[in-house]
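Please look over the sequence and the model before reading on.

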Amino acid sequence: MNTQELAVNRRTLVTSLAGTAVIAAAGSYSAAHAAEDNADFLFVQTSKSMAFDPAAMTLTLKDVSPTTLFFSDRPERIAGNMTTAAFLPFWSEGTDSFLTDPPNADISVLEDGALRQSVVVLMDPRLDGNDLVYAVKTIESELPATGENVSVFIDIIGMPMTPLSYAGARRRVYRRAYMYR
């Protein structure tokens with residue numbers, strides 16, 4: 001092999017290695033940024049009062065706020081709100097919906113002037129006029145029959161945002177907007 005052929009082969013090798021390094025770096029860059037695009041959101045719903053039917057295992061948030069709040073923790077620190085009606089499709093739309101992995105929630109109510117908290121699984125939400133009705137499964141502490149000044153803290157662990165799910169795409173819209181109607 002002469003010097004000129006060796007130089008050409010060396011350039012080809014260096015170019016190939018450089019190209020491979022660029023492709024590998026781009027792959028790790030996009031994987032790192034894909035992970036950064038994910039954020040886990042928690043949701044908060046409030047109502048003036050609530051009623052729990054232990055026979056039907058339903059929780060009714062009476063005169064529920066028309067707005068559901070959401071927020072994420074570090075590093076994103078995103079907060080905003082959406083209409084409660086727009087929040088309900090998270091139980092039925094997308095492959096990572098709450099239908100397949102119902103969220104836990106902390107129900108905080110005032111009962112006879114004292115704060116009472118219960119942990120439940122929320123399922124099958126539906127709006128009934130100004131009331132929001134959930135089927136529930138109690139995990140910790142029994143729900144009171146009635147209560148006032150209700151706050152529902154909904155945990156979404158198990159539902160990361162993904163670009164391939166309809167519900168995930170809708171959650172991305174909400175995280176970028178302060179108010180969604």
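Are Phe87 and Trp91 buried or exposed? Phe87 is buried, and Trp91 is buried as well, where buried means under 20% relative accessible area, exposed over 50% and partly exposed in between, for a 1.4 Å probe and protein chains only.

The model is predicted: local features need pLDDT of at least 70, side-chain atom pairs count only at pLDDT 80 or more, and totals for chains, interfaces and linings use all residues. Residues are numbered from 1 along each chain as its sequence is written, and side-chain values use heavy atoms, with hydrogens and water left out.

## Aromatic residues

Across the whole structure, a search finds nine aromatic pairs. Rings of Phe, Tyr and Trp (its six-membered ring) pair if their centres lie within 6.5 Å; planes under 30 degrees apart count as stacked, over 60 as edge-to-face and the rest as tilted. Two of the pairs involve Trp91, as the table shows.

| Pair | Centre to centre | Angle between planes | Arrangement |
|---|---|---|---|
| Phe87 and Trp91 | 5.4 Å | 85° | edge-to-face |
| Trp91 and Phe98 | 4.6 Å | 55° | tilted |

Phe98, like Trp91, is buried. One aromatic cluster is formed by Phe43, Phe87, Phe90, Trp91, Phe98 and Tyr134.

## The nonpolar core

A nonpolar core is a set of buried Ala, Val, Leu, Ile, Met, Phe, Trp, Tyr and Cys residues joined through side-chain atoms within 4.5 Å. The largest one here has 29 residues, and those with the most contacts inside it are Phe43, Leu61, Phe87, Ile107, Leu122 and Tyr134. Two or more residues each come from β1 (41-53), β2 (58-64), β5 (104-111), β6 (114-128), β7 (131-140) and β8 (146-154). Strand β1 gives the most, with four residues. Helices (H or I, at least four residues) and strands (E, at least two) are DSSP runs, numbered from the N terminus.

Contact means heavy atoms within 4.5 Å. Not counting residues up to four places away in sequence, Ile107 touches Leu59, Arg116, Gln117, Ser118, Val120, Leu143, Val150, Ser151 and Val152.

Thr84 is found in helix α2 (residues 84-87). Thr84 has a relative accessible area of 2% and is therefore buried. Apart from neighbours within four places in sequence, Thr84 is in contact with Gln45, Ser65, Pro66, Thr67, Thr68 and Leu132.

## Strand pairing

Two strands pair if DSSP finds at least two bridges between them. Strands β5 and β6 run antiparallel and are joined by eight bridges, with Ser108 standing opposite Gln117 in β6. These strands form a hairpin with two residues between them, and Asp112 in the turn has a positive phi of about 55°.

Strands β6 and β7 also run antiparallel, and eight bridges join them. Here Asp128 stands opposite Asp131 in β7. The hairpin of β6 and β7 has two residues between the strands, and Gly129 takes a positive phi near 65°.

## The salt bridge

How many salt bridges does a search of the whole structure find? The search finds one, a salt bridge being a side-chain nitrogen of Lys or Arg within 4 Å of a carboxyl oxygen of Asp or Glu. Lys48 forms a salt bridge with Asp63, and the closest N and O atoms are 3.5 Å apart. Because Lys48 lies in strand β1 and Asp63 in strand β2, the pair ties together parts that are 15 residues apart in sequence. Lys48 counts as exposed, at 57% relative accessibility, whereas Asp63 is partly exposed, with a relative accessible area of 34%.
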